[in-house]
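These are my notebook entries on one protein structure.

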Amino acid sequence: MKNKIITSVIFCVLLSTGFGYAQIFDKLDKAPVDISYLTHRKASKPLVKVVYGRPQKEADQVFGDQVPYGEIWRTGANEATEVKFFTDMSFGRKLVKAGTYVMHTIPGEKEWIVILNSKTDTWGSFFYDATKDVVRIKVPSRESEEIDVFSIGFKEQFNNTFMVLGWDSTRVDIPLAAHDVILAKL
């Protein structure tokens with residue numbers, strides 16, 4: 001009887017210890033993942049989906065300091081940013097087939113190179129392979145209000161659609177158009 005009680009007490013102690021550890025979470029990621037969608041109407045199928053990490057500003061000036069000019073950047077944090085086109089799209093006025101791509105950038109003071117690459121499921125830009133580039137475009141950067149967390153969104157302006165990259169006081173507008181929209185304008 002005494003052995004059963006001791007065994008039961010030890011079992012309960014071990015069981016409660018295990019439950020205590022099950023409630024401990026790793027530290028929260030400082031660059032959580034976000035998803036941004038481009039749709040024409042709220043209830044319509046998306047045209048573009050972007051999955052990216054959202055790093056936070058850690059320096060006085062993000063571009064040129066925290067993210068160096070002239071070097072390949074994962075365009076976010078952690079895993080490389082993925083862009084999925086649900087239809088053929090014009091990306092910076094270059095036609096890209098429907099599919100999933102990784103977006104890398106090379107920030108510059110006045111102009112950025114934006115790259116769509118077919119080598120998906122990669123961590124950052126560590127395994128970037130230029131031979132897998134699908135398209136490279138150059139777009140100007142501009143000044144805007146300051147934001148502390150990297151963000152990707154979409155905007156429509158004067159019947160044009162843009163994917164907007166924004167962090168610190170820098171914005172980069174990438175022209176987009178669905179293939180069927182381009183054909184309708186012809």
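**Entry 1. Overall make-up.** I counted 2 helices and 9 strands in the protein; helices (H or I, at least four residues) and strands (E, at least two) are DSSP runs numbered from the N terminus. Along the sequence I read the pattern α-β-β-β-β-β-β-β-β-β-α. The model is predicted: local features need pLDDT of at least 70, side-chain atom pairs count only at pLDDT 80 or more, and totals for chains, interfaces and linings use all residues. Residues are numbered from 1 along each chain as its sequence is written, and side-chain values use heavy atoms, with hydrogens and water left out.

**Entry 2. Burial and surface.** I looked up how much of the protein is buried, and found that buried residues make up 38% of its 186 residues. Buried means under 20% relative accessible area, exposed over 50%, and partly exposed in between, with a 1.4 Å probe and protein chains only. The accessible surface comes to about 11700 Å², and 55% of it belongs to carbon and sulfur atoms. These areas come from the Shrake-Rupley method with a 1.4 Å probe; for residues, only the protein chains shown count as cover. I also looked up contacts, meaning heavy atoms within 4.5 Å. Of the contacts with a separation of 6 or more, 54% are between residues 24 or more positions apart.

**Entry 3. Strand β6.** Why is strand β6 described as largely enclosed by the rest of the structure? I found that 6 of the 8 residues of β6 (residues 99–106) are buried, so the strand is largely enclosed. I then looked up its partners; two strands pair if DSSP finds at least two bridges between them. Strand β3 (residues 81–85) runs antiparallel to β6 and is joined to it by 5 bridges. In this pairing, Phe85 stands opposite Gly99 of β6. Strand β7 (residues 111–117) also pairs with β6 in the antiparallel sense, over 5 bridges. There, Thr105 has Val114 in β7 as its bridge partner. I noted that a hairpin of 4 residues joins β6 to β7.

**Entry 4. Aromatic rings.** A pair of aromatic rings is described by the distance of the centres and the angle of the planes. Rings of Phe, Tyr and Trp (its six-membered ring) pair if their centres lie within 6.5 Å; planes under 30 degrees apart count as stacked, over 60 as edge-to-face and the rest as tilted. I found 10 aromatic pairs in the structure. One of them is the edge-to-face pair of Phe63 and Trp112, at 4.9 Å centre to centre with 70° between the planes. Phe63 lies in the loop between β2 (48–53) and β3, whereas Trp112 lies in β7, so the pair ties together parts that are 49 residues apart in sequence. Both Phe63 and Trp112 are buried. The rings of Trp73 and Trp112 have centres 6.2 Å apart and planes at 80°, so this pair is edge-to-face. Trp73 is in the loop between β2 and β3 and Trp112 in strand β7, so this pair ties together parts 39 residues apart in sequence. Trp73, like Trp112, is buried. I recorded a cluster in which ring pairs link Tyr52, Phe63, Trp73, Trp112, Phe150 and Trp167.

Entry 5. Is Asp168 buried or exposed? At 6% relative accessibility, Asp168 counts as buried; its place is in strand β9 (residues 160–178). I looked up its polar contacts (pairs of N or O atoms within 3.5 Å; within protein, one must be able to donate a hydrogen and the other to accept it, and residues adjacent in sequence count only if both atoms are side-chain atoms). The Asp168 side chain reaches the backbone nitrogen of Val62 at 3.1 Å. Leaving aside neighbours within four places in sequence, Asp168 is in contact with several residues, among them Lys57, Asp60, Gln61 and Glu146. Gln61 and Asp168 are 107 residues apart in sequence and 7.2 Å apart in space, C-alpha to C-alpha. Gln61 is in the loop between β2 and β3 and, at 40% relative accessibility, counts as partly exposed. Its side chain reaches the backbone oxygen of Phe63 at 2.7 Å.

**Entry 6. Asp121.** Asp121 lies in the loop between β7 and β8 (133–157). At 63% relative accessibility, Asp121 counts as exposed. Not counting residues up to four places away in sequence, Asp121 touches Glu79, Glu82 and Val102.
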